[in-house]
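Colleague: I have this model open and would like to go through it piece by piece. Can we start once it is on the screen?

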Amino acid sequence: MMAGLGSAAGVFLGGVISAGPGWGWVFFVNLPVCVVALRAMVALLPDERSPARLRNFDALGALLATGGMLLLVYAIVEAPNVGWGATRTVLELAGAAAILAAFAANELRQKNPLFPFSIFRIPGLAAADATQVIAIAGFYSMFFFTTLYMQNVLGFSQIGAGAAYLPATLGVAIAAGVGSQLFVRPGTRPVIVVGALLGAGGVFWLSRIPVDGSYLTDLLPPLSIMSIGLGATFVGVTTAAQAGVPAERAGLAAALINASTFPGGALGIAITSALATSRTQDLVAAGTSQPEALTEGFQRALLACAVFLLAAAIIALRATNTRGEPLAGLTPEPVPEPEAV
């Protein structure tokens with residue numbers, strides 16, 4: 001729930017910060033949050049500081065994985081600007097592939113690997129992670145282009161565009177809470193599939209935005225539907241990604257589903273930006289007015305977002321259908337019988 005809530009609340013806070021101290025502060029505001037999180041981590045996980053654990057830490061694997069993913073995301077984000085077939089893009093993608101291949105080779109020969117590939121033998125785990133990647137590509141890009149539409153076409157202020165997502169924030173929280181209660185009956189798979197389909201429907205509705213649109217009639221209803229889908233999808237996927245995971249691999253499984261967010265967002269923005277920019281440039285060259293050209297570009301991008309979410313629903317059919325059972329290897333504490341009086 002917090003992941004979905006953060007994605008919706010973040011766009012509101014981004015508007016407030018941009019209208020106040022300036023957009024550059026959206027980077028600086030993370031620093032004190034990270035300091036607090038690191039301090040809490042040290043306090044909550046004292047055993048992680050032991051020299052024995054640090055001695056066995058796969059530092060090379062951490063560097064290769066981080067470096068490879070950073071280069072991959074950077075290449076994907078910059079590709080629409082420099083061209084997918086440009087030498088620079090090809091070299092960056094090849095470099096990322098080489099670094100990640102070196103990471104895989106390192107993990108296979110490590111006695112205590114950072115990322116044991118055997119975790120993917122757990123049924124449904126890979127499907128849950130893939131669902132997260134594709135769903136994030138759709139949801140994240142939807143926020144991006146809807147915000148551009150509100151500011152560049154409808155003339156919303158930065159705070160106004162951020163405040164427009166407050167109902168969506170509430171919808172995400174409600175859907176996540178309800179979705180987590182539904183697991184005990186049909187399981188996570190129906191919740192994820194229905195959530196992704198609701199998200200796709202809401203975003204498809206958004207893809208019909210007009211040049212002279214209204215918030216109350218053209219944005220609020222589809223955003224509300226989308227938010228319910230987002231909350232249900234996120235809570236379902238994160239739960240399914242832990243199903244059947246041994247206790248000693250729970251942290252790795254959680255890290256995988258969280259890390260799936262970043263390549264998904266980069267991939268979605270890169271693809272949808274290319275579609276929107278191409279459509280807008282063609283229309284401007286043909287003499288179409290700027291607002292109309294922008295709107296049609298945003299429409300195409302949002303339609304692609306809906307396709308991403310539809311694909312996520314299809315992939316989710318292969319994810320584990322759990323009802324919130326304990327992790328493998330863990331059994332609940334037995335409840336003592338009441339003493340006879």
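Predicted model: local features only at pLDDT ≥ 70, side-chain atom pairs only at ≥ 80, totals over all residues.

Colleague: Where does T320 lie?

Modeller: T320 is in the segment after α14 (290–316). Helices here are DSSP runs of H or I with at least four residues, numbered from the N terminus.

Colleague: Is T320 buried or exposed?

Modeller: T320 has a relative accessible area of 19%, so T320 is buried. Buried means under 20% relative accessible area, exposed over 50%, and partly exposed in between, with a 1.4 Å probe and protein chains only.

Colleague: And what does T320 touch?

Modeller: Leaving out residues up to four places away in sequence, T320 touches P123, G124, L125, T188, R189, A240 and A243. Contact means heavy atoms within 4.5 Å. A polar atom of the T320 side chain lies 2.6 Å from the backbone oxygen of P123.

Colleague: Moving on to α10, how many residues does it have?

Modeller: Helix α10 (residues 188–206) has 19 residues. From first C-alpha to last, α10 reaches 27 Å, close to the 27 Å expected at 1.5 Å a residue. The expected span is 1.5 Å times one less than the number of residues.

Colleague: Which residues of α10 are buried, and what do they pack against?

Modeller: The buried residues of α10 include T188, V191, G195, V203 and L206. The buried residues of α10 pack against α7 (125–152), α9 (166–182), α11 (215–240) and α14.

Colleague: Which residues have the most contacts inside the largest nonpolar core?

Modeller: Those are M142, V203, L219 and M226, in a core of 37 residues. A nonpolar core is a set of buried Ala, Val, Leu, Ile, Met, Phe, Trp, Tyr and Cys residues joined through side-chain atoms within 4.5 Å.

Colleague: Which elements give two or more residues to this core?

Modeller: They are α7, α9, α10, α11 and α14. Of these, α7 gives the most, with eleven residues. Apart from this core lies another, of 23 residues, among them F103, L256, I257 and A313.

Colleague: How many disulfides does a search of the whole structure find?

Modeller: The search finds zero. A disulfide is a pair of cysteine sulfur atoms within 2.5 Å. C305 is buried at 0% relative accessible area, whereas C34 is partly exposed at 43%.

Colleague: Last topic: how many aromatic pairs are there?

Modeller: The count is eleven. Rings of Phe, Tyr and Trp (its six-membered ring) pair if their centres lie within 6.5 Å; planes under 30 degrees apart count as stacked, over 60 as edge-to-face and the rest as tilted. The ring centres of W23 and F27 are 6.2 Å apart and the planes are at 75°, so this pair is edge-to-face. Both W23 and F27 are exposed. Elsewhere, ring pairs link F103, F115, F117 and F120 into a cluster.

Technical notes:
Residues numbered from 1 in each chain as written. Heavy atoms only, no water. Polar contact = N/O pair within 3.5 Å; in protein donor to acceptor, adjacent residues only side chain to side chain.
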